[in-house]
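Please follow the account below with the sequence and the coordinates open side by side. It moves through the sheets, then the ligand shell, and then the helix contacts.

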Amino acid sequence: MNTEANDRKIKLQLRDMSKLYDNGDGVAHINLDIYEGEIVTFLGPSGCGKTTILRAIGGFLDVTGGEIAIDGQNVANLPPEKRPTAMVFQSYNLWPHMTIYENLAFGLQLRKHPKAQIKQEIEDILKLVSMPGCEKKYPGQLSGGQQQRIAIARSLLLKPSVLLLDEPFSALDAKIRQQMREELKKIQSDLGITVIFVTHDQEEAMSLSHRIVVMNKGKFEQIGTPTEIYDKPSSKFVASFIGEMNFVPEKNEIVAVRPEDIEITEPTNSDYVGTVQLIMILGHYVSVNIAYKDIEIKCFMVREEAAKLKEGQQVGMKFQRFQKYGQE
Ligand SMILES: Nc1ncnc2c1ncn2[C@@H]1O[C@H](COP(=O)(O)OP(=O)(O)O)[C@@H](O)[C@H]1O
Ligand SMILES: [Mg+2]
C-alpha cells in the first residue's frame, strides 16, 4: 500500500507559471512537481522554451504569471542569490585570469566562510568532481570537460537545494559527454540533491533522468520516466523525437513501430510484405531497410538473424509492439 512515490517530498512546484517575452514568445501555464533527489530533464528542440523555464526557476528572468515554490515557499519574486538554486550554463563561465582555487573560493568568500574552511571545502569538492589537486591551475590549462567539472564544483560549493544545468555538456566531445553523464549521476546520488537538466539530446536525457519532460513549442508534450516515454510516447511528436521510429501509414491511422520491435517472418501469412533493400552491420547489431509500399521500414536485429537475409529478398514483418496515432 505504502508506495515510495507517495512518501517523496516535493522540492519544487511550478504553478501555472508563465514567462512571455514582449514579442509573445515564451512559455505559458506551466505546471510541474519535482521531488527531492530527482533528476528531471527538459528535453525538446531548440526554441521550445527550455532555457526560459530554467532561467525563470533560477531567478534570471521575471515570470509574467504564476508561482515557483521551493520547499513550499514562493521564490518567484526573489533575486537569484536569494534562491536556494545554482545554475551552470553551457559555456563554463570561469574567470580566465583567476586560478581554479580563486574561481571556486569567490562565492565562499562572499559568504564570509573562514579561510581554512574554504581551503578544505575546495579540496573536498575537487575530489568529488574527480579533479583533485588542480587548485593552482588556470582555466585555460584545462580541457573543456575539466572546465565544466569545475563549473559544476563551483555551483555545488554554494550547497544549492536545486541544481540547474542548461545544456552543460553540449560543447563537449561525444566520449567526454558520456563520461560527464556518468559522473553527474554519481555526484547527484552521492549528494542527494535535486537536479533540473536541460538538453536537446534525447540520448543524454534518457541516460541521465529519473523523469523527462518532453517539450514542443512552449508546451509539455509528455512527462514520464525514460522507459514510459520510450515505450509509450503519447504523441507522434514524442514518438519521432525520442529514439528511432518507423511511421507506417494505414487506413486512417499511422502505426509507429521501433526498429527493434519488428520480427522478420516468411512473406506468406504476413500483413506487411516488403523487399530487403539495404543491410548494414553496425557492430553488435544489424540495421536492415525494407521497402514497403512507398516507404522504407528500418529493422534492427542480431547478426545471426541478418545473416539469413539477402538484398532483393521478399520478407514478411511482424510488429511485436507498436503505437497508433491519428493522421495529421
Ligand atoms: N530575450 C528574449 N526575447 C524574446 N524572445 C525570446 C528571448 N529569449 C528567448 N526567446 C524566444 O522564446 C522561445 C523559447 O526560447 P528558449 O527558452 O531559449 O528555448 P530553448 O532553450 O528550448 O532553445 C523561442 O521562440 C525564443 O526565440
Ligand atoms: Mg536553450
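Predicted model: local features only at pLDDT ≥ 70, side-chain atom pairs only at ≥ 80, totals over all residues.

Strand 13 is joined to strand 17 (residues 314-319) by 4 bridges, the two running antiparallel, and I264 stands opposite M317 in strand 17. Strand 17 also pairs with strand 14 (residues 272-281), in the antiparallel sense and over 4 bridges, and here V273 has G316 of strand 17 as its bridge partner. Strand 14 in turn runs antiparallel to strand 15 (residues 285-292), to which 6 bridges join it, and the bridge partner of T275 in strand 15 is A291. Strand 14 and strand 15 form a hairpin with 3 residues between the strands, in which G283 takes a positive phi near 95°.

The ligand shell comes next. Which residues surround ligand 1? The shell consists of Y21, N23, D25, G26, G44, S46, G47, C48, G49, K50, T51 and T52. Helix 2 (residues 50-58) supplies the largest share of this shell, with 3 residues. By class, the residues around ligand 1 divide into 2 nonpolar, 8 polar and 2 charged.

The remaining part of the account concerns helix 5 and its contacts. Helix 4 (residues 115-128) packs against helix 5 (residues 144-157) at an angle of about 130°, with the two axes 10 Å apart; helix 4 and helix 5 are therefore oblique to each other. The crossing in which helix 4 passes helix 5 is right-handed. On the side of helix 4 the contact is made by E121, I125 and L126, and on the side of helix 5 by A153, L156 and L157. The residues of this contact comprise 5 nonpolar, no polar and 1 charged.

Helix 3 (residues 100-110) also meets helix 5: their axes come within 9 Å and cross at roughly 25°. How are helix 3 and helix 5 oriented to each other? Angles under 35 degrees count as roughly parallel, and helix 3 and helix 5 are therefore roughly parallel to each other. Helix 3 passes helix 5 in a right-handed crossing, and in the contact I100, N103, L104, G107 and L108 of helix 3 meet I150, A153, R154 and L157 of helix 5. The contact of helix 3 with helix 5 has 6 nonpolar, 2 polar and 1 charged residues. A153 and L157 of helix 5 take part in the contact with helix 4 and also in the contact with helix 3.

Notes
Residues numbered from 1 in each chain as written. Chains lettered and ligands numbered in written order. Axes fitted to C-alpha atoms, helices over the stretch in contact; angles between N-to-C directions. Parallel < 35°, antiparallel > 145°, perpendicular 65-115°, else oblique. Left-handed = near helix turned anticlockwise from the far one by under 90°. Contact = placed C-beta atoms within 7 Å. Nonpolar A, V, L, I, M, F, W, Y, C, P; charged D, E, K, R; others polar. Near = placed C-beta within 6 Å. Pairing = 2+ DSSP bridges.
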